[in-house]
Amino acid sequence: LIGVVTEGKCRLTINGKSFNLNDEECFFIDCTQPHSYKKIESYPCKLMIIHFDGSTSKQYYEYFIMHSQNVFKSQLFERIIAEINGIIRAYESNDANADAIASQHIVGILTCAVIFECNSDKFNVSLKEKLMAVNEYINEYFVEDLKLDYLSEKFDISKFYLSTARR
């Protein structure tokens, strides 16, 4: 289960451990574990929550939790919101392919959570190093026709992240 706080504050409790969440914070939890969320006192709270159970859900969660905590801030918060809205639109439109479309958006959400998690004290140093290497490569070969696909594959970094990080 992945959730985002779009407005206000709330308290998330997972296996008896509580987290206070603020605007633009996200959470990723194993929904088979006891959990609850509620607003904090008089603060309004709006959440968007996606519950899913695909074939790789458990692996994504285990990988994520090895490298982070259940609650996180993502540099790509707006992208996560867009992916969730894509799921909502697919089902609201009664699209015959809604399940496939939702799966695509869920992979996008999981990618944002797993790759782009950025607690300020735990930013992925190897990612910074990769970006520095990409910049050096571009500076060295700037006269050549460099393609995003090529750079992404050469430096083992997401095309989406690479395109946003270079702006």
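Residues are numbered from 1 along each chain as its sequence is written, and side-chain values use heavy atoms, with hydrogens and water left out. Because the model is predicted, local features need pLDDT of at least 70 and side-chain atom pairs count only at pLDDT 80 or more, whereas totals for chains, interfaces and linings use all residues.

The protein chain contains 6 helices and 7 strands, where helices (H or I, at least four residues) and strands (E, at least two) are DSSP runs numbered from the N terminus. Along the sequence, the elements follow the pattern β-β-β-β-β-β-α-β-α-α-α-α-α. Of the 167 residues, 38% count as buried; buried means under 20% relative accessible area, exposed over 50%, and partly exposed in between (1.4 Å probe, protein chains only). The accessible surface of the protein chain comes to about 10300 Å², and 49% of this surface belongs to carbon and sulfur atoms. These areas come from the Shrake-Rupley method with a 1.4 Å probe, and for residues only the protein chains shown count as cover. Among contacts (heavy atoms within 4.5 Å) between residues at least 6 apart in sequence, 65% join residues at least 24 apart.

Two packed helices are described by the angle between their axes and the distance between the axes. The axes are lines fitted to C-alpha atoms, for helices over the stretch in contact, and angles run from 0 to 180 degrees between N-to-C directions. The axes of helix 1 (residues 57–67) and helix 3 (residues 98–115) come within 10 Å and cross at roughly 15°. Helix 1 is therefore roughly parallel to helix 3; angles under 35 degrees count as roughly parallel, over 145 as roughly antiparallel, 65 to 115 as roughly perpendicular and the rest as oblique. The contact joins Tyr-60, Tyr-63 and Phe-64 of helix 1 to Val-107, Leu-110, Thr-111, Ala-113 and Val-114 of helix 3. The residues of this contact divide into 7 nonpolar, 1 polar and no charged, with Ala, Val, Leu, Ile, Met, Phe, Trp, Tyr, Cys and Pro counted as nonpolar, Asp, Glu, Lys and Arg as charged, and the others, Gly among them, as polar.

Helix 3 also packs against helix 2, at an angle of about 170° and with the axes 9 Å apart. Helix 2 and helix 3 are therefore roughly antiparallel. On the helix 2 side, the residues in contact include Arg-79, Ile-80, Glu-83 and Ile-84; on the helix 3 side, they include Ala-98, Asp-99, Ile-101 and His-105. The residues of this contact divide into 11 nonpolar, 3 polar and 3 charged.

Ile-2 lies in strand 1 (residues 2–8) and counts as buried, at 2% relative accessibility. Not counting residues up to four places away in sequence, Ile-2 touches Phe-27, Phe-28, Met-48, Ile-49, Ile-50, Phe-52, Ile-109, Leu-110 and Ala-113. Ile-2 and Ile-80 are 78 residues apart in sequence and 9.9 Å apart in space, C-alpha to C-alpha.

Positive phi values occur at two asparagines. Asn-15, with phi near 50°, is placed in the loop between strand 2 (10–14) and strand 3 (17–21). At 46% relative accessibility, Asn-15 counts as partly exposed. Asn-94 has a phi of about 55° and lies in the loop between helix 2 (77–92) and helix 3. Its relative accessibility of 67% makes Asn-94 count as exposed.
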